[in-house]
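Work through the following exercises with the model open. Each task is followed by a solution in steps.

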Amino acid sequence: MTTMLHCMSHSPLVGHVDPEPAVLAEVEQMIAAARAAVAEFDPDLVVLFAPDHYNGFFYDLMPSFCIGTEAYAIGDFGTMAGDLQVPQALAEALAAAVLEDGVDAAVSYRMQLDHGFAQPLEELFGGLDTKPVIPIFINSVATPLPSFQRARLLGEAVGRFLKGLNQKVLILGSGGLSHQPPVPELATANEHLQDRLKGSGRHLPAEEREARTQRVIQAARRFVEDQTSLHPLHPQWDEFFMTQLAENRLQELDGMKNAELSVLAGKSTHEVKAWVSAFAALSVMGEFKVTARYYRPIPEWIAGFGALTAYTEEA
Ligand SMILES: O=C(O)/C=C/c1cccc(O)c1O
Ligand SMILES: [Fe+2]
């Protein structure tokens with residue numbers, strides 16, 4: 001049975017601070033092509049690896065990885081809100097199998113998700129609940145972070161489980177590439193913000209939510225004017241990373257230290273671990289081939305913006 005993979009950058013700034021029309025049209029065309037490919041593939045099951053941005057996961061209890069058995073999206077930045085259609089028994093079986101396979105992923109029966117999960121579902125399916133989806137969270141912002149190696153091993157364990165199912169699976173990875181939006185950090189937060197990061201931010205008052213949204217939008221506008229106002233995007237690293245994945249050289253990324261990546265390409269670049277897990281899962285399901293590749297640095301979205309589509313070869 002063929003397995004399909006699609007990895008893509010996300011940005012909550014889409015629709016808030018957009019690039020020039022020609023670039024926007026190019027991205028929309030790329031997304032439309034991915035949506036058509038997904039529709040043609042028509043998966044039985046979607047497994048979605050993605051990060052969170054202090055909307056669902058906090059320092060009161062921060063796992064490196066978490067598998068959702070029930071999940072809903074909050075609709076930050078105007079992305080879709082609502083329940084996902086999580087196949088609970090299958091998600092429970094996946095969580096048990098991954099633990100048995102040596103990767104200590106947590107489980108959540110009430111997983112709160114943000115744009116990192118919602119945006120790919122919205123763009124590829126037009127809704128959050130049109131297909132059975134198992135969401136898998138990868139901590140990409142709250143230090144200490146999991147390593148590239150652990151993200152790979154998580155993905156391989158997920159892939160081994162999926163290989164045993166007689167289902168047509170679409171594996172999605174959402175995040176990255178190089179970028180550093182103004183996501184808060186515990187080490188530099190004031191007392192109020194520390195409290196938010198330790199869990200009270202799970203249900204932000206509406207005016208604080210709006211202030212947070214506007215702060216990121218203003219940062220994006222400033223970044224377009226002055227690309228030293230945030231950590232610069234790093235197209236060469238992004239292209240290198242995408243090539244490593246496309247050529248199935250995942251293990252070569254194991255040696256990359258988290259601190260090294262933060263300095264090189266920005267602190268939110270760790271979201272690329274969603275791509276690493278997704279490709280690792282695909283790689284154990286069979287030989288694969290990348291069929292579509294897109295990349296462009298888009299300062300308006302504070303994102304090295306890329307996408308890769310791949311399929312396992314028919315056995
Ligand atoms: O949630 C936020 O505050 C910002 C998120 C963001 C901004 C730009 C690119 C991304 O990938 C993001 O997640
Ligand atoms: Fe993100």
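**Exercise 1.** Determine the hand in which helix 4 passes helix 9, and describe the packing of the pair.

Solution. The crossing of helix 4 over helix 9 is right-handed. The model is a predicted one, and in it helix 4 covers residues 148-163 and helix 9 covers residues 273-285. Their axes lie 7 Å apart and meet at an angle of about 40°. Angles under 35 degrees would count as roughly parallel, and 65 to 115 as roughly perpendicular. Helix 4 is therefore oblique to helix 9.

Next, list the contact. Helix 4 supplies Phe148, Ala151, Arg152, Leu154, Gly155, Glu156, Val158, Gly159, Arg160, Leu162 and Lys163. Helix 9 supplies Lys273, Val276, Ser277, Ala278, Phe279, Ala280, Ala281, Leu282, Ser283, Val284 and Met285. Sorted by class, this contact of helix 4 with helix 9 holds 13 nonpolar, four polar and five charged residues.

**Exercise 2.** Describe how helix 2 and helix 4 pack, giving the angle and the distance between their axes.

Solution. Helix 2 spans residues 88-100; its axis is 9 Å from that of helix 4, at an angle of about 125°. An angle over 145 degrees would be needed for roughly antiparallel, and 65 to 115 for roughly perpendicular. The two helices, helix 2 and helix 4, are therefore oblique to each other. Helix 2 passes helix 4 in a crossing that is right-handed.

The contact consists of Leu94, Ala97 and Val98 from helix 2 with Ala157, Val158 and Phe161 from helix 4. By class, the contact of helix 2 with helix 4 has six nonpolar residues, no polar ones and no charged ones. Val158 of helix 4 is listed in the contact with helix 9 and also in the contact with helix 2.

**Exercise 3.** Locate the cis peptide bonds at Pro144 and Leu177, and the positive phi of Asp42.

Solution. Start with Pro144, which is joined to Thr143 by a cis peptide bond with omega about 0°. Pro144 sits in the loop between strand 8 (133-138) and helix 4. The bond from Gly176 to Leu177 is also cis, with omega near 0°. Leu177 belongs to the loop between strand 9 (169-174) and helix 5 (191-197). Asp42 is not a glycine, yet its phi is positive, about 50°. Asp42 is found in the loop between helix 1 (21-41) and strand 2 (45-50).

**Exercise 4.** State what confidence the predictor assigns to the chain and to the complex.

Solution. For the protein chain, the mean pLDDT is 98, with 99% of residues at 70 or more. For the complex, the ipTM is 0.98 and the pTM is 0.98.

Methods:
Residues are numbered from 1 along each chain as its sequence is written. Chains are lettered from A and ligands numbered from 1 in the order in which they are written. This is a predicted model: local features need pLDDT of at least 70, side-chain atom pairs count only at pLDDT 80 or more; totals for chains, interfaces and linings use all residues. Axes are lines fitted to C-alpha atoms, for helices over the stretch in contact, and angles run from 0 to 180 degrees between N-to-C directions. Helices (H or I, at least four residues) and strands (E, at least two) are DSSP runs, numbered from the N terminus. A crossing is left-handed if the near helix is turned anticlockwise from the far one by less than a right angle, and right-handed if clockwise. Two residues are in contact if their C-beta atoms, placed from the backbone, lie within 7 Å. Ala, Val, Leu, Ile, Met, Phe, Trp, Tyr, Cys and Pro count as nonpolar, Asp, Glu, Lys and Arg as charged, and the others, Gly among them, as polar. pLDDT is the predictor's confidence in each residue, from 0 to 100.
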